[in-house]
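Subject: Structure handover

Hello,

Here is the structure I promised to pass on to you. Please open it alongside this email, and then read on for what turned up in it.

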Amino acid sequence: MKDEFPDNTTMATKPRVLIYCQHVLGMGHLIRSMAVARALRNCTVVFVNGGESISGLDIPSWVTIVNLPPISSDSEFQRLDIHGESTTLEQVQQTRRHMLFELFGHFRPDVVIIELFPFGRKRFAFELLPLLAHIRLSASSTKVVCSLRDILVTKPDPTRHEDWVVSLMNRYFDLLLIHSDPTFQTLDETFSRCQDLRCAVQYTGFVTQDSDMSADVQTTDGQPASHGVPLILASVGGGRVGYELLDSTVRASALLIPTVPHRTLLFTGPYMPDHQYEQLQALGVQSPHIEVRRFTTSFQSLMRRAALSISMAGYNTCMNLLSTGTRSLVWPFTGHKNDEQTIRARKLEQRGLLTLLEPPDLEPERLAKKIATSLNSSQAHSGHSINTHGGQETAMAIERLVAQPHSRITRTVLDSTPRNQTGHWLTELKQFLDAREAEGRTFHLFLRDDDVDEDEDSLKHLLDLVLARGVPMNLEIVPGRLTSACTSVLKNTLRADHALLSLDQHGWMHSNHEIEGRKCEFGQSRSLSHQREDIARGKAILESTFEDCFYPAFTPPWNRCTTDTYRVLDELGFQVFSKDRGKDRVTEYRFTEISTTLDLYTWKAGARMKSVHEIVREFMVQLDTLPVVGLLLHHKVMTAEAFSFLDQILCELMHRTVVRVHTFRTLLPLMREPQAVAR
């Protein structure tokens with residue numbers, strides 16, 4: 001695969017398209033996405049491959065391959081595997097995130113095409129959610145497209161899964177391209193929430209590979225594979241699954257050869273385990289008419305010459321069968337309760353375009369009879385009217401999208417406001433950090449955002465900052481007012497990285513119970529029993545809703561409470577208490593006080609953001625004098641200017657080795673060992 005980057009001249013004259021493809025089991029997603037890349041001949045394409053690379057692929061001149069450190073999966077999709085003993089999955093994930101951000105910044109694509117996600121590949125939210133958030137925050141003209149095959153895999157919890165898909169599609173994506181013919185298969189047959197998608201949706205027809213008729217004719221045993229006798233072509237895609245089909249084919253072919261002359265050519269796929277490949281080779285050696293290979297770049301050419309194809313029923317194989325008209329026996333993959341291939345194969349069989357194998361048919365004697373029947377049949381399938389021009393129609397859709405002004409429905413004023421004119425404050429902060437870094441200093445910092453209860457645009461924007469900048473955040477949730485939509489938004493963010501968020505308790509209902517004086521939910525008007533009842537109810541809700549992602553930290557509404565509140569928190573096992581920093585810390589209980597030290601807002605005569613210079617200068621003083629600095633945020637009142645300032649200061653802090661940003665979970669052990677954070 002190529003790894004040189006396109007030159008600036010080419011990038012400036014053609015639309016720039018970045019394609020992200022993560023194949024984890026077979027290579028079907030890779031082959032289909034590469035077919036889309038080949039169709040984009042009027043664009044400059046960077047193809048990001050997240051799975052194992054395959055040598056020998058024909059890469060056109062307008063496509064550059066960037067291989068991320070590969071991640072694959074087991075056949076049951078229960079774990080992610082890396083390839084290399086000197087690193088961990090977490091290290092690979094961090095490297096991949098960094099590579100994607102660097103690539104996006106250098107290439108500056110007009111369009112980003114993400115294959116399958118968020119309809120699948122949830123385990124890759126660790127890199128895709130930060131990238132999507134970064135694209136949205138960049139206020140660039142980059143359009144985001146989801147590239148989706150015809151049939152989705154059934155999920156264990158379809159309601160929750162579809163909520164996740166709709167939420168992400170409506171926030172981050174401009175276009176959904178469904179690579180199917182709606183007269184054959186529509187998305188709503190395997191996804192019930194199509195009507196809730198607010199982005200543009202287009203069917204492209206099925207994506208097929210370019211014809212490789214010019215490829216050299218493959219040979220078996222030194223003779224042309226199709227010379228004089230029928231050729232049986234057997235394949236299982238990438239090869240991580242499907243060994244049983246090839247094993248049965250070899251044995252059936254050996255049984256059949258005395259009565260039905262033929263040649264058999266098997267392709268195991270590049271990912272078949274070595275021991276299985278060697279077993280098939282050993283079987284093949286016993287029969288001179290059988291040849292076993294790993295992979296070929298001329299597969300479609302061979303299929304055209306074959307008298308019979310024996311394969312699984314993946315998207316690309318079925319498209320090859322439609323393109324070549326070859327007789328075929330297909331055995332759908334059904335691992336992990338996956339019915340995608342079965343649905344596709346049954347529909348094609350109903351149209352007389354292939355023959356479906358049932359599990360008993362893999363018994364060699366039965367398969368031999370099926371093969372003989374197919375070879376002796378004089379009737380080929382009678383053509384079809386299924387749209388297989390998906391590559392060309394995808395290319396046209398992308399070119400039209402590039403020409404359109406940015407129109408993502410969910411854009412708000414928060415997303416599109418230009419960054420602040422920084423003046424001297426950012427220079428002063430950089431100089432301050434440079435000097436302290438030279439002194440070997442380390443600063444401990446946390447951010448706390450209050451009043452989390454609804455799925456407001458301001459909360460989503462704050463979470464985009466968390467994702468895109470990789471900044472840990474403490475979110476104070478009002479349990480009695482927490483909506484299901486807000487819960488979904490928080491859980492979506494947690495899919496990227498559980499360590500990014502500390503989900504804490506912010507009172508019960510954020511209700512004022514004081515008739516006179518300052519507002520307070522847990523003040524003098526509340527008895528010990530009433531306080532215990534409310535706080536316990538709120539804690540139970542957050543524990544059941546977020547399970548291990550809930551952290552037993554408590555912030556009282558309006559940052560006020562009584563000694564009875566402290567007693568209740570101690571009884572209920574809270575580990576952290578947080579409010580505004582006062583003169584004296586609360587120390588006589590088992591919990592630890594970790595309070596904020598700097599509020600971005602002043603609240604006299606209504607919420608008003610302090611001046612940027614005032615905030616930054618106080619921030620630098622606190623870094624120099626306090627063991628821990630806590631920034632207090634209020635997403636409900638933050639303006640575009642406030643978010644822009646926060647983004648700029650976070651971008652500066654997060655790449656500094658001198659700064660450690662914490663959640664309460666990571667900060668508490670340091671607070672219990674004062675020497676760890678002492679100046």
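Below are the findings, going from the whole chain to single elements and residues.

**The chain as a whole**

Please keep in mind that this is a predicted model. The protein chain has 21 helices and 28 strands, and its C-alpha trace spans about 100 × 60 × 45 Å along the principal axes. Of its 679 residues, 57% count as buried. If you take the contacts between residues at least 6 apart in sequence, 78% of them join residues at least 24 apart.

**Nonpolar cores**

The largest nonpolar core has 149 residues, and Phe119, Leu176, Ile371 and Phe619 are the ones with the most contacts inside it. Helix H4 (residues 125-137) supplies the largest share of this core, nine residues. There is also a second, separate core of 54 residues, which includes Met27, Val63, Phe206 and Leu354.

Leaving aside residues up to four places away in sequence, Phe619 touches Leu429, Leu445, Leu598, Val629, Leu631, Ile649 and Leu653.

S8 pairs with strand S7 (residues 143-148) in the parallel sense over four bridges, and Leu175 in S8 is the bridge partner of Val145. To get from S7 to S8 the chain passes through helix H5 (residues 158-172), and this β-α-β crossover is right-handed. S8 also pairs with strand S9 (residues 200-203), again in the parallel sense and over four bridges. Here Leu175 stands opposite Ala200 in S9.

**Aromatic pairs**

A search of the whole structure finds 17 aromatic pairs. The ring centres of Phe117 and Trp164 are 5.9 Å apart and the planes are at 85°, so this pair is edge-to-face. Phe117 lies in the loop between S6 and H4 and Trp164 in helix H5, so the pair links distant parts of the chain, 47 residues apart. Both Phe117 and Trp164 are buried.

Phe119 and Phe191 have ring centres 5.1 Å apart and planes at 70°, so they too form an edge-to-face pair. This pair also links distant parts of the chain, 72 residues apart: Phe119 belongs to the loop between S6 and H4, and Phe191 to the loop between S8 and S9. Phe119 and Phe191 are buried. Elsewhere, ring pairs link Tyr566, Phe577, Tyr589 and Phe591 into a cluster.

**Helix H2**

Helix H2 (residues 28-39) has twelve residues and reaches 17 Å from its first C-alpha to its last, close to the 16 Å expected at 1.5 Å a residue. Ten of the twelve residues are buried, so H2 is largely enclosed by the rest of the structure. The buried residues are His29, Leu30, Ile31, Arg32, Ser33, Met34, Ala35, Val36, Ala37 and Arg38.

What do the buried residues of H2 pack against? Their partners are strands S1 (16-21), S2 (44-49), S3 (63-67) and S6 (111-115), together with helices H9 (315-324) and H12 (390-403).

Six strands form an open sheet in the order S14-S13-S12-S15-S16-S17, with parallel pairing. Its edge strands are S14 (290-293) and S17 (355-356), each of which pairs on one side only. Within the sheet, strand S12 (residues 231-235) and strand S13 (residues 263-267) pair in the parallel sense over five bridges. Leu266 in S13 is the bridge partner of Ala234.

Both Ala234 and Leu266 are also contacts of Leu246, a residue of helix H6 (residues 243-256). Leu246 is buried, with a relative accessible area of 0%. The C-alpha atoms of Leu246 and Leu280 are separated by 7.7 Å, with the two residues 34 apart along the chain.

Notes:
Residues numbered from 1 in each chain as written. Predicted model: local features only at pLDDT ≥ 70, side-chain atom pairs only at ≥ 80, totals over all residues. Heavy atoms only, no water. Helix = DSSP H or I, 4+ residues; strand = E, 2+ residues; numbered from the N terminus. Expected span 1.5 Å × (residues − 1). Buried < 20%, exposed > 50% of the residue type's maximum accessible area, 1.4 Å probe, protein only. Contact = heavy atoms within 4.5 Å. Pairing = 2+ DSSP bridges. Core = buried A, V, L, I, M, F, W, Y, C linked by side-chain atoms within 4.5 Å. Right-handed = clockwise from strand over helix to strand, strands pointing away. Phe/Tyr/Trp six-rings, centres within 6.5 Å; stacked < 30°, edge-to-face > 60°.
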